[in-house]
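Biologist: Please bring up the model, and then we can go through the ligand and its surroundings.

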Amino acid sequence: MSKIVSFVGGVQGPWKVVRIENVVGKPLEPVEKIQIVDGSIEIPSFNTNWILRGVTSNLRYTTSQEKEHLNKHSPTLGRKEDTCAALIPIKKSVEWWELAQDERREILEEQSQHIKLGLRYLPAIARRLHHSRDLGEPFDFVTWFEYSPDYSREFEELVSSLRTTLEWKYVEREVDIRLVLD
Ligand code: HEM
């Protein structure tokens, strides 16, 4: 079942921001803490700089074989050793969204091997993908990852590899926020 999640950037929450890198496109205002709230909340009060919303959804590009592999090896969020996290909101270009589904799969997987590469990092990295485009949000996706400090290097390696792919040529806005449990 899909659910809406709000990532609230401000001065409250269990996740402390250790780094914000504006990778491409318009920057996001720096914040101290992130709180993850189930449901869609409006800017509540005082001390909230921004809220990024997204909804968990069905898979678009994954084959049955890939899905089986994902289901078998994907860990749940909230493992106690996973004290590091990454919040990476991403917006893709108009050119991407004008492609047909089969053309997007061709770029994402056949040419960029996003899924094949990502699967190598399971179960070390726990992840959840949120779709934001149809909510009228500033980003198309809000991606969330959790991992233990022992896998920080591997996570950097994965992110760097993805950024060299053809798929990433269609990324026009990306902010990389790294966090630790406070
Ligand atoms: C989409 C797996 C890491 C960003 C996907 C999809 C899969 C996947 C299976 C396709 C979902 C579908 O069929 O709709 C993985 C795995 C990873 C990983 C196993 C290992 C940890 C990452 C990282 C980033 C990222 C590090 C960001 C830097 C995205 C985005 C999409 C996506 C933005 C949506 C693409 C679109 O629909 O256009 N990922 N991924 N992924 N992933 Fe990853």
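The questions below concern the pocket, the ligand and the residues around the ligand in this predicted model.

Biologist: Where does the ligand sit?
Modeller: A molecule is assigned to a pocket if more than half of its atoms lie within 2 Å of the grid points. By that test the ligand sits in the largest pocket.

Biologist: What is the volume of the largest pocket?
Modeller: The lining of this pocket consists of 49 residues, with L59, R127, R128, L129 and H131 nearest the centre. By class, the lining has 25 nonpolar, 13 polar and eleven charged residues. The volume of the largest pocket is about 1,400 Å³.

Biologist: How many residues of the shell around the ligand are nonpolar?
Modeller: The shell has 25 residues, of which R60, Y61, T62, K92 and H114 come nearest. Four residues of the shell are polar and four are charged. The nonpolar residues number 17.

Biologist: Which element gives the largest share of the shell around the ligand?
Modeller: At least two residues each come from β5 (84–92), α4 (114–119), β6 (126–131), β7 (141–147) and α5 (152–163). The largest share is four residues, and the element that supplies them is α4.

Biologist: Which side chain has an N or O atom 2.8 Å from an oxygen atom of the ligand?
Modeller: The cut-off for a polar contact is 3.5 Å between N or O atoms. Nitrogen atoms of the ligand have polar side-chain atoms of H114 at 2.8 Å and of R127 at 3.4 Å. For the ligand oxygen at 2.8 Å, the side chain is that of K92.

Note on methods:
Residues are numbered from 1 along each chain as its sequence is written. This is a predicted model: local features need pLDDT of at least 70, side-chain atom pairs count only at pLDDT 80 or more; totals for chains, interfaces and linings use all residues. Side-chain values use heavy atoms; hydrogens and water are left out. On a 1 Å grid over the protein atoms alone, a cavity is a set of points where a 1.4 Å probe fits but cannot get out, and a pocket is an open set with protein on both sides within 12 Å along at least five of seven lines; lining residues have an atom within 4 Å of a point. Grid points are joined across faces, edges and corners, and a volume is the space filled by probe spheres set on the points. Ala, Val, Leu, Ile, Met, Phe, Trp, Tyr, Cys and Pro count as nonpolar, Asp, Glu, Lys and Arg as charged, and the others, Gly among them, as polar. A residue is near a molecule or strand if one of its heavy atoms lies within 4 Å of it. A polar contact is a pair of N or O atoms within 3.5 Å; within protein, one must be able to donate a hydrogen and the other to accept it, and residues adjacent in sequence count only if both atoms are side-chain atoms.
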